[in-house]
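Trainee: Please show me the model, and then let us go through it by question and answer.

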Amino acid sequence: MRVSVIGGSSIDGETAAVAEALGERLAERGHVVVCGGLGGVMEAVCRGARAAGGETIGILPTADRGDANPHVTTPIATGMGRARNALVVMNGDAAVAVDGTSGTLSEIGLALAQGRPVAGLDTHEVDGVEAVDSPAAAVEYVERSVGRPSGSEGD
């Protein structure tokens, strides 16, 4: 399945390590990472996914595909600024929020409004977001919620 990973664009090393481990775990389970394609959590999750041989889609706020971080395999330029947040969550079957500020909060709200399950790793406390304590727990939650483990038809 596709999993939208949302989170802060400016993060510390500990958060980067969590996001990278999340990307690795998603790729190992056969899932595609969808994100905003820039830095911070987006770059770290893509780096982890690519290290494990996974596919990454970056839905960029800018009109230039070249703005994507170097670990994005499929950059999608939108020229939409923050309005692209809706596209990030709509292109995932579920979402995982890592850290983040107002942009992440808007993506959480959009994901919940679209009926997407959302796991949260050290992020906003919002009704409907399943707080988890590890990348593995986040992946387990979204797989269980969508009912399609890796390798299922439709991935």
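Predicted model: local features only at pLDDT ≥ 70, side-chain atom pairs only at ≥ 80, totals over all residues.

Mentor: Residues are numbered from 1 along each chain as its sequence is written, and side-chain values use heavy atoms, with hydrogens and water left out.

Trainee: What is the mean pLDDT of the protein?

Mentor: pLDDT is the predictor's confidence in each residue, from 0 to 100. A value of 70 or more is reached by 95% of the residues. Over residues 151-155 the pLDDT is below 50. The mean for the protein is 95.

Trainee: In β3, which residue stands opposite Val33?

Mentor: Helices (H or I, at least four residues) and strands (E, at least two) are DSSP runs, numbered from the N terminus. Strands pair if DSSP finds at least two bridges between them; β2 and β3 are parallel, with 3 bridges. In β3, the residue opposite Val33 is Thr56.

Trainee: Is Thr104 buried or exposed?

Mentor: Thr104 belongs to helix α4, residues 102-113. Beyond four places in sequence, its contacts (heavy atoms within 4.5 Å) include Ile6, Ala97 and His124. Buried means under 20% relative accessible area, exposed over 50%, and partly exposed in between (1.4 Å probe, protein chains only). Because its relative accessibility is 3%, Thr104 counts as buried.
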